[in-house]
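Please read them with the structure open.

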Amino acid sequence: SPEQRATAIAERMAQDGGQAATFMTRGLLNQLITSLRIKTGDLTEAEVQAQQQQRAIMRWLPVVSETTGIAVEELNTAVTGGASLAEAIKDKGGDVAAVEAALREALKNTPDLDQEAIEDQITSVLNTKVTP
């Protein structure tokens, strides 16, 4: 019943100390704030898209760093400076093919991604340039 479902959800959220609820609340608040900032002209859709692109790339910097030996900070500086991740790797003497393999390995067990989607994501992560 709906009441039993609501009780079960509340119990699960209580078990994790409210972390899931806090995480969900933060996500919703961030979306609301972003929406309001766009409506007021404080933020443009292009800026939001650039932030999303940057987050998508930054999430993989530890894997790239471990694979290439290039410090995360160096990669971050290059990417935020306008280089693609592939360009940053090449400029620092890293092996882009090894990074592709490491990303493929990291993504292979993602349930929602088939092989084509994995390859698309790898291409996007390596070749997208974050617009300042």
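This is a predicted model: local features need pLDDT of at least 70, side-chain atom pairs count only at pLDDT 80 or more; totals for chains, interfaces and linings use all residues.

The points below go from the whole chain down to single residues.

1. Every value below is computed from its atoms, and local features were considered only where pLDDT is at least 70.

2. Fold content. The protein chain has eight helices. It has zero strands. Read from the N terminus, the order is α-α-α-α-α-α-α-α. The radius of gyration is 19 Å, whereas the globule rule gives 14 Å for 132 residues, so the chain is more spread out than a compact globule. Along the principal axes, the C-alpha atoms fill a box of roughly 60 × 40 × 30 Å.

3. Burial and surface. Of the 132 residues in the protein chain, 23% are buried. The chain exposes about 8,900 Å². Carbon and sulfur atoms supply 52% of that area.

4. Contacts along the sequence. Take the contacts between residues at least 6 apart in sequence. Of these, 49% join residues at least 24 apart.

5. Charges. The protein chain carries 12 positive and 19 negative charges. How far apart are the mean positions of the positive and negative charges? They are separated by 4 Å.

6. The core. In soluble globular proteins, nonpolar side chains tend to be buried together. Here the largest nonpolar core has 22 residues. Leu75, Leu85, Ile89, Leu103 and Leu126 have the most contacts inside it. Which helices each supply at least two residues of this core? They are helix 4 (61–68), helix 5, helix 6, helix 7 (96–107) and helix 8 (115–127).

7. Ile89. This residue lies in helix 6. Is Ile89 buried or exposed? Its relative accessibility is 0%, so Ile89 counts as buried, the cut-off being under 20%. Beyond its neighbours within four places in sequence, Ile89 is in contact with Val64, Thr68, Ile70, Leu75, Gly94, Asp95, Val96, Val99 and Leu126. Two of these partners, Leu75 and Leu126, are also named among the core residues with the most contacts. Leu61 is 28 residues from Ile89 along the chain, and their C-alpha atoms are separated by 11 Å.

8. Ser84. Look at the loop between helix 5 (72–80) and helix 6 (85–91); Ser84 lies there. Ser84 has a relative accessible area of 4%, so it is buried. What does Ser84 touch, not counting residues up to four places away in sequence? The partners are Leu126, Asn127, Thr128 and Lys129. Leu126 is also a contact of Ile89.

9. Thr67. Helix 4 holds Thr67. With a relative accessible area of 33%, Thr67 is partly exposed. Leaving out residues up to four places away in sequence, Thr67 touches Ala98, Val99 and Ala102. Thr67 and Ala102 are 35 residues apart in sequence, yet their C-alpha atoms are 7.0 Å apart in space. Val99 is also in contact with Ile89.

10. Asp120. This residue sits in helix 8. Asp120 is partly exposed, at 49% relative accessible area. Asp120 and Asn76 are 44 residues apart along the chain, and their C-alpha atoms are separated by 22 Å.

Terms used. Residues are numbered from 1 along each chain as its sequence is written. Side-chain values use heavy atoms; hydrogens and water are left out. Helices (H or I, at least four residues) and strands (E, at least two) are DSSP runs, numbered from the N terminus. The radius of gyration is taken over C-alpha atoms; the globule rule is 2.2 Å times the number of residues to the power 0.38. Buried means under 20% relative accessible area, exposed over 50%, partly exposed in between (1.4 Å probe, protein chains only). Contact means heavy atoms within 4.5 Å. Accessible areas come from the Shrake-Rupley method with a 1.4 Å probe; for residues, only the protein chains shown count as cover. Lys and Arg count as positive and Asp and Glu as negative; His and the chain ends are not counted. The place of a charge is taken as NZ of Lys, CZ of Arg, CG of Asp or CD of Glu. A nonpolar core is a set of buried Ala, Val, Leu, Ile, Met, Phe, Trp, Tyr and Cys residues joined through side-chain atoms within 4.5 Å.
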